Amino acid sequence: MSAGPSTVSGYQDQDGSTNVVRESLLYDLAGELADDWRRVVIKLGVPSCKISAHETNHRGSITDTIYKCLLDWKRASPATADDQLRRLRQVLEECGRMDLANRIVSMS
């Protein structure tokens, strides 16, 4: 989980390239989504069967459940990292999570 309202760089690989949405960003978001998580992952297009499977597999850890759902979305999306970030930000805004949406910054 992030330490405060700092800006989150949306994507960057360990080698400094900017071709993927960082998994650490998704984990940070998972730790902060709380009650809004199910609405967010459904709007992102994660199938209900996947959500249920993650809930079963990660009982006792809502953060892990949310993280796995966000990973499924990321991996299933053929979009570029910039497009994924735009979509993620849009969904967060639609779900009323401007606090999280405003922390996602595209580095393009």
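# Notebook: core and helices of a predicted model

I started with the surface: the accessible area of the protein comes to about 5900 Å², and 49% of that belongs to carbon and sulfur atoms. These areas come from the Shrake-Rupley method with a 1.4 Å probe, and for residues only the protein chains shown count as cover.

Residues are numbered from 1 along each chain as its sequence is written, and side-chain values use heavy atoms, with hydrogens and water left out.

**Layout.** I found six helices and two strands, in the order β-α-α-α-α-α-α-β from the N terminus. Helices (H or I, at least four residues) and strands (E, at least two) are DSSP runs, numbered from the N terminus. Of the 108 residues, 38% count as buried; buried means under 20% relative accessible area, exposed over 50%, and partly exposed in between (1.4 Å probe, protein chains only).

**Contacts.** I then looked at residue pairs at least 6 apart in sequence: 62% of their contacts join residues at least 24 apart. A contact here means heavy atoms within 4.5 Å.

**Core.** Which residues touch the most other members of the largest nonpolar core? They are Leu26, Leu29, Leu70, Leu88 and Leu92, in a core of 27 residues. Helix 1 (23-32), helix 2 (37-44), helix 4 (62-76), helix 5 (81-94) and helix 6 (98-101) each supply at least two of its residues, with the largest share, six residues, coming from helix 4. A nonpolar core is a set of buried Ala, Val, Leu, Ile, Met, Phe, Trp, Tyr and Cys residues joined through side-chain atoms within 4.5 Å. I also listed the partners of Leu88: leaving out residues up to four places away in sequence, Leu88 touches Leu26, Leu29, Leu44, Trp73 and Ile104.

**Helix 4.** Its 15 residues reach 21 Å from first C-alpha to last, close to the 21 Å expected at 1.5 Å a residue. The expected span is 1.5 Å times one less than the number of residues. Buried residues of helix 4 include Ile66, Leu70 and Trp73, and their cover includes helix 1, helix 2, helix 3 (48-57) and helix 5.

**Helix 5.** I noted Leu85, Leu88 and Leu92 among its buried residues. Just after helix 5, Gly96 takes a positive phi of about 80 degrees.

Technical notes
This is a predicted model: local features need pLDDT of at least 70, side-chain atom pairs count only at pLDDT 80 or more; totals for chains, interfaces and linings use all residues.
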